[in-house]
Amino acid sequence: MARLAQALAKHAEVRVLSLNPRKHRATLDDIPLPIEAIDIDTSRVIGPLITALGATPFIVARFVSRAFEQRLIETLREFNPDVVQIESPFLLPYAETIRAHSDARVVLRSLNVEFRIWEELARTKHSLLARLVANSLRRYEVRHLDTCDALIPISHDDANDFRALGCTKPIHVAPCGVPLPPLGDAEPEDDTVGFIGALDYLPNQQAALWIHDELRPRLPDVKLTISGSNPPAWLRERVHAITAPDAQQFMRSQSVMIAPLLSGGGMRIKVLEAMALGKAMVATTRGAGGIDFTPGREVVIADDADAFADAVVRLLNDPDERRRLGDAARAQVAARYDPDIIGRDLLAFYETGINASTARANQNHARP
């Protein structure tokens, strides 16, 4: 989100108003943007439950904050934006507030089709709770497909899904961008395989368990490390997960990076970042989902445990193939995922795409 905002800020005036959940409390010093964050405790129960008695799912109601809404109103009056970009359906409850206090175009940037994630979790974990969450989120997301003036998914797969679900508003795909870091001269450690991701995210927890239960037994002589932010105690103890202080340095130190995700939508940012570092990557189809690549050229795809383990071993034993894959992956990131290009394309859509679509809609409405 910060990368896209920074890219937009090179060509437009940008302000960011963000919720700052207690669970993920962040400092903003390293982001060169005007950002204001309103603290919120998303572990609250009573307030969200009351809100959820209406048509808002509990998982969304956790992000409803009177303090945030009030600051949003003040910011709309102070800044008078042309476009308000809502990040994720979890902030859709504020769309009505934006409409009431601004003439700005309201756009939803969706990082996933959220209910699809929960559907996959319900299917793979046979979880009634996940099924209930999936159903409530599906009703909510489908009901709000046309709430905003445009929809900005991060992958063409998600865009097609939104259209199939009934979205009639303009859609512009703006993938996540990744800058190319320097490659460096240090060689990775031998026979090292790494997975990295936010370990409070259910699809990543599921992947970590799969690595521990399915992949480790098939790779007994490989140094396989699971790393990520915010691992719950039960996961840290079961899979021996670590929290690397420097994610980029961790990826540099691995011979092969892996992304064996079984659920989730959108794009895996860590997969893109590993590709940008020129790392050889083995992923499931879901793990590399949303990324433009050719299987076998930039990323090796394997969807069952035996094939996945075989692909990892093959790459560990073939440094030339690792280098070829890594070079191709880095070139693909440079060609397709430059944040500045993505930002310019999105701004062009804001300047022409929404207005053109609205004009056509007004003309059609005016016809007898």
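Begin at the largest cavity, which holds about 40 Å³ of space. A cavity here is a set of points, on a 1 Å grid over the protein atoms alone, where a 1.4 Å probe fits but cannot get out. Grid points are joined across faces, edges and corners, and a volume is the space filled by probe spheres set on the points. The structure holds one cavity of 30 Å³ or more.

The model is predicted: local features need pLDDT of at least 70, side-chain atom pairs count only at pLDDT 80 or more, and totals for chains, interfaces and linings use all residues. Residues are numbered from 1 along each chain as its sequence is written, and side-chain values use heavy atoms, with hydrogens and water left out.

**Stop 1: the cavity lining**

Select Pro 89, Leu 92, Leu 108, Glu 141, His 144, Leu 145 and Phe 162, which line the largest cavity; a lining residue has an atom within 4 Å of a point. This lining divides into five nonpolar residues, one polar and one charged. In this scheme Ala, Val, Leu, Ile, Met, Phe, Trp, Tyr, Cys and Pro are nonpolar, Asp, Glu, Lys and Arg are charged, and the others, Gly among them, are polar.

**Stop 2: the loop between S3 and H5**

Next, select Ser 88, which is found in the loop between S3 and H5. Helices (H or I, at least four residues) and strands (E, at least two) are DSSP runs, numbered from the N terminus. Although Ser 88 is not a glycine, its phi is positive, at about 85 degrees. Most residues other than glycine have a negative phi. Ser 88 counts as buried at 11% relative accessibility; buried means under 20% relative accessible area, exposed over 50%, and partly exposed in between (1.4 Å probe, protein chains only).

Now display the aromatic side chains. Rings of Phe, Tyr and Trp (its six-membered ring) pair if their centres lie within 6.5 Å; planes under 30 degrees apart count as stacked, over 60 as edge-to-face and the rest as tilted. By this rule there are four aromatic pairs. One of them joins Phe 63 and Phe 90, whose ring centres are 5.4 Å apart and whose planes stand at 45 degrees, so the pair is tilted. Phe 63 lies in the loop between helix H3 (58–61) and helix H4 (66–79), and Phe 90 in the loop between strand S3 (83–87) and helix H5 (95–101), so the pair ties together parts that are 27 residues apart in sequence. Both Phe 63 and Phe 90 are buried.

Then select Phe 68 and Tyr 94, an edge-to-face pair with 4.8 Å from centre to centre and 65 degrees between the planes. Because Phe 68 lies in helix H4 and Tyr 94 in the loop between S3 and H5, this pair ties together parts that are 26 residues apart in sequence. Phe 68 is buried at 4% relative accessibility, and Tyr 94 is buried with a relative accessible area of 4%.

**Stop 3: helix H12**

Move to residues 269–276, helix H12: six of its eight residues are buried, so the helix is largely enclosed by the rest of the structure. The buried residues are Val 271, Leu 272, Glu 273, Ala 274, Met 275 and Ala 276. Their cover includes helix H1 (2–9), H11, strand S8 (256–259), strand S9 (280–283) and H14. After H12 comes Gly 278, with a positive phi near 75 degrees.

**Stop 4: the second largest pocket**

A pocket is an open set of points with protein on both sides within 12 Å along at least five of seven lines. The volume of this second largest pocket is about 540 Å³. Its lining divides into six nonpolar, five polar and eight charged residues. Helix H11 (247–252) and helix H14 (319–336) each supply at least two lining residues, and the largest share, five residues, comes from H14.

While on helix H14, select Arg 323, which has its place there. Arg 323 is partly exposed, with a relative accessible area of 48%. Its C-alpha atom is separated by 9.9 Å from that of Ser 255, 68 residues apart along the chain.

**Stop 5: Asn 230**

Asn 230 lies in the loop between strand S7 (223–227) and helix H10 (233–239). Asn 230 has a positive phi of about 55 degrees although it is not a glycine, and at 38% relative accessibility it counts as partly exposed.

**Stop 6: confidence**

Finally, colour the chain by pLDDT, the predictor's confidence in each residue, from 0 to 100. The mean pLDDT of the chain is 90, and 92% of its residues reach 70 or more. Over residues 358–368 the pLDDT is below 50, and this stretch has one contact in the model beyond near neighbours in sequence; contact means heavy atoms within 4.5 Å.
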